[in-house]
Amino acid sequence: MRTILITGPGGSGRSTLAAATAQAAAGTGTRTLLLGADRGDTLGAALGVVTGAAPVEAAENLTAWRPDATESFRADLTAFQDRASTALELLGAARLDAEEVTPLPGAEELALLRALRDAALSEVYDLLVVDLPPTPHALALLALPEELRRYLRRLLPAERQAARALRPVLGRLAGVPMPSEWLYDTAGRWDVELAAVEAVLADRDTTVRLVAEPGPAGADAVREAGLALALRGLRPDVLVANRVLPESVEDTWLAGLNAQQRKTLDEWQGTYDVRHVPHLGHDPRGTDDLTALAVPGVDAAGSAVEWPVTDRLAEDGVLVWGIPLPGAIRDELDLVRRGDELVVTVGRFRRIVPLPSALRRCTVAGAALREGELRIRFAPDPDLWPQGR
């Protein structure tokens, strides 16, 4: 199954274009699921149907679904209270009833990730179109599975669970109770669920698509989004320039806006595969308007980008790790080596990545940003590198 993740700055029309993309695919006979997370029914407004917590058939071969974050959060909290009942009783804590629970910030994102995983594993659909939140929230959402798995591994390492028979003894020696088995079981279950989501996001059949309105604000948003995606090892398959005016307009005010759009479009052409979606002169509503938008189809290429390690030991005595970061500025870059991990910071975005196995036996010898690629040089550590290599 192919997956298209669509995002863009707020007000760019991403939800409408997500609906148009799903409708166009369904029109070719592709079994398509359109998945969204907005609290308001923006997808339903575009499609002309009401969408909600239960999947609804919007057209032939097209199903639309907005998962209910409230119900999902209540179920998770109830299950947690059931498992932690003994600890809660010792603390004198009062249980929360499902009726009094409201979802915390981030519940919508977790519900969307769970729905994405379930849809990908269902094998019911040929194509999954996901209307992600606006770009800043979408970028955090894409990073969430990897970050949460890292936190779980640090806080509850799996190797400690292997010593379950020793936990009572260790508890007496330490003078504090050791984590219960259910806690490790819960962490293990979460890790499996997050790994499934991470696998969908990293799959070669998953693509990321950016939507933006050409102009100064759109250009800034696209640059930031492209850089953040590159840090995740992703790149958009196409950049959809939405609400593009005709090339020739007689109105003076529109002529100035048109010139501004053309300037931004020219700048984008050198970096992205740009597709134009014309301005209809009104907000698109219903299937006829969605068809008139003529959105790009589903390409075969995925979004994942390789971070290759180049062997230059014979020439320069180093291994070079290349990380594509188009649009990065040297003054906004920061690198920190922490054990077998590398902390990469680009502007306000940060990612902690494990080093490839060969580089773990090396020391950092320097780094440079050239032609949109961060090249980090690693020199073999004589105490760790195999002799004779």
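In the hairpin formed by strands β14 and β15, two residues lie between the strands, and Glu-371 adopts a positive phi near 50°. Strands here are DSSP E runs of at least two residues and helices are H or I runs of at least four, both numbered from the N terminus. The structure is a predicted model, in which local features require pLDDT of at least 70 and side-chain atom pairs count only at pLDDT 80 or more, whereas totals for chains, interfaces and linings use all residues. Residues are numbered from 1 along each chain as its sequence is written, and side-chain values use heavy atoms, with hydrogens and water left out.

Strand β14 (residues 362–370) runs antiparallel to β15 and is joined to it by eight bridges; two strands are taken to pair if DSSP finds at least two bridges between them. Leu-369 has Leu-374 of β15 as its bridge partner. Strand β15 is also antiparallel to β10, with six bridges joining the two, and Pro-324 stands opposite Glu-373 of β15. Strand β10 pairs in turn with β9 (residues 309–312), in the antiparallel sense and over four bridges. In that pairing, Thr-310 is opposite Val-320 of β10. Strand β10 (residues 318–324) is largely enclosed by the rest of the structure, because six of its seven residues are buried. Buried denotes under 20% relative accessible area and exposed over 50%, with partly exposed in between (1.4 Å probe, protein chains only).

Ile-376 is located in β15 (residues 373–380). Its relative accessible area is 1%, so Ile-376 is classed as buried. With residues up to four places away in sequence not counted, Ile-376 touches Leu-319, Val-320, Trp-321, Ile-323, Leu-335, Leu-342, Val-364, Gly-366 and Ala-367, contact being heavy atoms within 4.5 Å. Leu-335 is 41 residues from Ile-376 along the chain, and their C-alpha atoms are separated by 9.5 Å.

The largest nonpolar core holds 61 residues, of which Trp-268, Trp-321 and Leu-325 touch the most other members. Helix α10 (residues 216–231) is the greatest contributor to this core, supplying eight residues. A nonpolar core is a set of buried Ala, Val, Leu, Ile, Met, Phe, Trp, Tyr and Cys residues joined through side-chain atoms within 4.5 Å. In soluble globular proteins, nonpolar side chains tend to be buried together. When neighbours within four places in sequence are left aside, the contacts of Trp-268 are Ala-212, Glu-213, Pro-214, Gly-218, Ala-219, Val-222, Leu-239, Ala-241 and Val-274. A second, separate core has 25 residues, among them Ala-19, Ala-25, Ala-26 and Ala-46.

The end C-alpha atoms of α10 are 23 Å apart, which agrees with the 22 Å that its 16 residues should span at 1.5 Å a residue. The expected span is 1.5 Å times one less than the number of residues in the helix. Buried positions in α10 include Gly-218, Ala-219, Val-222 and Leu-229. Just after α10, Gly-233 has a positive phi of about 80°. Lys-263 belongs to helix α11 (residues 252–269). Its relative accessibility is 56%, so Lys-263 counts as exposed. Lys-263 and Pro-216 are 47 residues apart in sequence, with a C-alpha to C-alpha distance of 9.4 Å.

Helix α1 (residues 14–27) has 14 residues and reaches 20 Å from its first C-alpha to its last, close to the expected 20 Å. Of the 14 residues in α1, 12 are buried, and the helix is mostly covered. The buried set includes Arg-14, Ser-15, Thr-21 and Gln-23 as well as Leu-17 and Ala-18. Thr-16 is part of α1 and counts as buried because its relative accessibility is 16%. With neighbours within four places in sequence set aside, Thr-16 is in contact with Ala-46, Pro-284, Leu-290 and Leu-293. Gly-29, which follows α1, has a positive phi near 95°.

The protein chain contains 13 helices and 15 strands. Of its 389 residues, 43% are buried. Among contacts in the chain with a separation of 6 or more, 68% are between residues 24 or more positions apart. The chain exposes about 20,300 Å², of which carbon and sulfur atoms supply 54%; accessible areas come from the Shrake-Rupley method with a 1.4 Å probe, and for residues only the protein chains shown count as cover.
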